[in-house]
Amino acid sequence: GLIFYDTKVTVMNRVLNATVQRTADHAAPEITLDPLEIVGGEIRSSENSYFCQAARQLGCVPSSQLCVKLASGGDPTYAFNIRFTGEEVHGTSGSFRHFLWQVCKELQSSSLSLLLLCPSSAVNKNKGKYILTPSPITYAEEQLFHFFGQLLGIAIRADVPLPLDLLPSFWKTLVGEPLDPDVDLQEADILTYNYVKKFENINDETELEALCAEIASQHLAMESPDCPNKPCCKFTYLTMTGDEVELCPRGRHIPVGWENKDVYAAAIRSLRLRELQSPECMTAVRAGLGSIIPLQLLTTLTPLEMELRTCGLPYINLEFLKAHTMYQVGLMETDQHIEFFWSALEMFTQEELCKFIKFACNQERIPFTCPCKDGGPDTAHVPPYPMKIAPPDGAAGT
């Protein structure tokens, strides 16, 4: 926390350029994606998604081939090249960026089950934020999580911010920071947080009985075996994926009473925190990330800085874009139509600005930092900087 973010990024960039493993005399791996497999809006099966098509083809490429220098200049080097079947594309940049954008859309849709919408979304808190799906994983899923980790590293080397909306708990676990039992539970699952708090704040047995009766009315509880008419809760709870689990051995047969209510609340809290950390999935993600960038770099970054470096800012800063725009062949910032252009952009909503950026450079977010200083050489720019505004081709018209 004592080092400025820009300083960390400078060190990080130096390390990334010093750990390049694919040199100029090696051709970039190439994958071929078939856009027709995902036609029709919703992907019929996850195997057809760009994510799975790419994971299959890159599965046999050594990860050292994906470790390239940081992208900069007009024709940057990317981890791999992409060909879309039946489409003629000039250069490699556009299709690579489009691929990353499409993959993020797939990850945050129902077609792939690697990410789960956080339960708080259901009650309009952290709407649209995702966590890793907390459930036992198969070998095939482990490979996909590994590829997901690789993509995070590939995006960092390419300096293409991924439009992913993940909860802070994901970034905390990724950089190895412990979760906060209160804050992170509240962020991810406000209903469970409130439920646990009710049990922790009960003052006497009458209140406990009233709470159990309230829960019973929501079909979460059974009757107590000792007093058939008295509702009670058992040591079970629903996981984030909706399965009922026992919070301790033989939990289905243990009623919650005055003596053990705190144990019950603590057990639910630790169930949720374990789900948020999702150790099996996170181990695979970190292994994938570690095959592209040195994991030691993460020890200097806070969770928020790691998110900024990987996903950029979810909004477009027009002043930053203006500062990194070049005017070509006799155009100037003071020209009337240039001024019209910027004032039009200033009227755009953030959603429209994202669409403009997607149209102009095939990615929705722009990098948060650019190593070039004003007036620095063009090659020091991180693509898609600088944005270039040129006069129209052909004969001058009105």
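**Notes on the predicted model**

1. Pro119 counts as partly exposed, at 21% relative accessibility; here buried means under 20% relative accessible area, exposed over 50%, and partly exposed in between, with a 1.4 Å probe and protein chains only. You'll find Pro119 in the loop between strand S3 (115-117) and strand S4 (130-132). Helices (H or I, at least four residues) and strands (E, at least two) are DSSP runs, numbered from the N terminus. Leaving out residues up to four places away in sequence, Pro119 touches Ala188, Asp189 and Met240, where contact means heavy atoms within 4.5 Å. The C-alpha atoms of Pro119 and Thr192 are separated by 9.0 Å, with the two residues 73 apart along the chain.

2. A word on the ground rules: this is a predicted model, local features need pLDDT of at least 70, side-chain atom pairs count only at pLDDT 80 or more, and totals for chains, interfaces and linings use all residues. Residues are numbered from 1 along each chain as its sequence is written, and side-chain values use heavy atoms, with hydrogens and water left out.

3. For the overall picture, the chain has 14 helices and ten strands. Of its 398 residues, 46% are buried. Among contacts between residues at least 6 apart in sequence, 66% join residues at least 24 apart.

4. Now for a helix pair: H2 (residues 50-58) and H4 (residues 139-158) pack at about 90°, with axes 10 Å apart. They are therefore roughly perpendicular to each other (65 to 115 degrees on the scale used). On the H2 side the contact is made by Phe51, Cys52, Ala54, Ala55 and Leu58, and on the H4 side by Leu144, Phe147, Phe148 and Leu151.

5. Phe51 deserves a look of its own. Beyond its neighbours within four places in sequence, Phe51 is in contact with residues including Val103, Leu112, Leu144 and Phe148. Phe51 is also among the residues with the most contacts inside the largest nonpolar core, which has 59 residues. Such a core is a set of buried Ala, Val, Leu, Ile, Met, Phe, Trp, Tyr and Cys residues joined through side-chain atoms within 4.5 Å.

6. Last, is Thr310 buried or exposed? Thr310 is buried, with a relative accessible area of 1%, and lies in helix H11 (residues 303-311). A polar atom of its side chain lies 2.7 Å from the backbone oxygen of Met306. Not counting residues up to four places away in sequence, Thr310 touches Leu152, Ile156, Val160, Pro161, Leu162 and Trp171.

Note on methods: Polar contact = N/O pair within 3.5 Å; in protein donor to acceptor, adjacent residues only side chain to side chain. Axes fitted to C-alpha atoms, helices over the stretch in contact; angles between N-to-C directions. Parallel < 35°, antiparallel > 145°, perpendicular 65-115°, else oblique.
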